[in-house]
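Here's a quick briefing to read alongside the coordinates. Take a look at the model first, then go through the notes.

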Amino acid sequence: ASRVLVASRNYGDFASEATFEIKKCDLHRLEEGPGTTAVMTREEGLQYYKTMQTIRRMELKSDQLYKQKIIRGFCHLYDGQEACCVGIEAAIKPTDHVITAYRAHGFTYTRGVPVREILAELTGRKGGCAKGKGGSMHMYTKNFYGGNGIVGAQVPLGAGIALACKYFGRNEISLALYGDGAANQGQIFETYNMAALWKLPCIFICENNRYGMGTSSWQIVAAVTSWSLVVATLCIAFHFKGPLVMELQTYRYHGHSMSDPGISYRTREEIQEVRSKSDPITLLKDRMVNNNLASVEELKEIDVAVRKEIEEAAQFATTDPEPPLEELGYHIFFNDPPFEVRGPNQWIKYKSVS
């Protein structure tokens, strides 16, 4: 009887939208912050859920491929932090610009790169989003300037993108993301000052996942009284008279990178507590079901479809050929005439093609 009841339920049985309470944001030098309530439609909720679940499954598959030694080199996974990139993308326009650090797979996906191209890039295949030559830290697409391996270096680059937006008179903003481990970098504060002086349309966002490599964020900053919780709706809450600084409180389930087991500086119990109390996917699922925006069965169907997509993407990423050696010098410059590049010695030459 329960199966018949579930099968007979149609979309008209669900609410079209629901209103949610939001924790008040801590503000500094801002007269007004985001509202304490937000409306989410059923369609938005389903899209957020599917996107976060896709990123989660993609990262778990990356973990598996890395342990099988199919993915090699540096690899920093994003599972646990999915709400950050999904919330940010929901608040900005496709024409806005995003640059982040090396934990970049989630943003690569929300900016429009298919899972198969992300996994193929991780496995070093020709079908990857950087033709298999970038790897985990160097993924790019239109208006996304990749993950950057030098700690904090993407922040001044993001300000430069914002300067270009202002210089060319474009109605666009630049978002520069960094982790709490980079929060005391001198270049970040220099960039803040320049952006404020030039009134650049830039949002500087700290994804505070509590640990900079293996060091707790509480151990690296003196005289911290509290970490603020700021939601992505701040992106559209103010007209730009200058830059904004945001902090997103989040948590990573994996270690800093795949070479870090992640349990020498924190306990398994801590990780499990976060999973049980504040996992972004579980929280969204519970709120949607409790507010009649979706059914458990419907969300399970999304889970099944996502798993299938990830498996197909992984199949592509493990069977697609590697880029040929003669393409080693390709794509050094954009839209430039071909020229020769010296190889490992002066007798070997490669051609660079845009």
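This is a predicted model: local features need pLDDT of at least 70, side-chain atom pairs count only at pLDDT 80 or more; totals for chains, interfaces and linings use all residues.

Residues are numbered from 1 along each chain as its sequence is written, and side-chain values use heavy atoms, with hydrogens and water left out.

- Strand S6 spans residues 202–208, and seven of its seven residues are buried, so the rest of the structure largely encloses it; buried here means under 20% relative accessible area, with a 1.4 Å probe and protein chains only.
- Strands and helices are DSSP runs numbered from the N terminus (strands: E, at least two residues; helices: H or I, at least four).
- Cys202, Phe204, Cys206 and Asn208 point one way from S6, while Ile203, Ile205 and Glu207 point the other way.
- S6 pairs with strand S5 (residues 174–179) in the parallel sense over six bridges; strands count as paired if DSSP finds at least two bridges between them.
- Within that pairing, Ile203 in S6 is the bridge partner of Leu175.
- To get from S5 to S6, the chain goes through helix H7 (residues 186–197) in a right-handed β-α-β crossover, meaning that with the strands pointing away from the viewer, the path from the first strand over the helix to the second runs clockwise.
- S6 also pairs with strand S9 (residues 244–249), again parallel and over six bridges.
- There, Cys206 has Glu247 in S9 as its bridge partner.

**Ser295**

- Ser295 sits in the loop between helix H9 (280–290) and helix H10 (296–319).
- With 11% relative accessibility, Ser295 counts as buried.
- The Ser295 side chain reaches the backbone nitrogen of Glu298 at 3.0 Å.
- Ser295 and Arg125 are 170 residues apart in sequence, and their C-alpha atoms are 39 Å apart in space.

**Two domains**

- The chain is divided into domain 1 (17–323) and domain 2 (325–353), with bounds from an automatic or database domain assignment.
- Their C-alpha centres lie 34 Å apart.
- Four residues from domain 1 and five residues from domain 2 make the contact, defined as heavy atoms within 4.5 Å.
- Between them the domains bury about 340 Å², 44% of it on carbon and sulfur atoms; buried area is the accessible area (1.4 Å probe) that two parts lose on being put together, summed over both.
- On the domain 1 side, Lys131, Lys133 and Pro323 lose the most area to domain 2, together 85% of what that side buries.

Conventions. Buried means under 20% relative accessible area, exposed over 50%, partly exposed in between (1.4 Å probe, protein chains only). A polar contact is a pair of N or O atoms within 3.5 Å; within protein, one must be able to donate a hydrogen and the other to accept it, and residues adjacent in sequence count only if both atoms are side-chain atoms.
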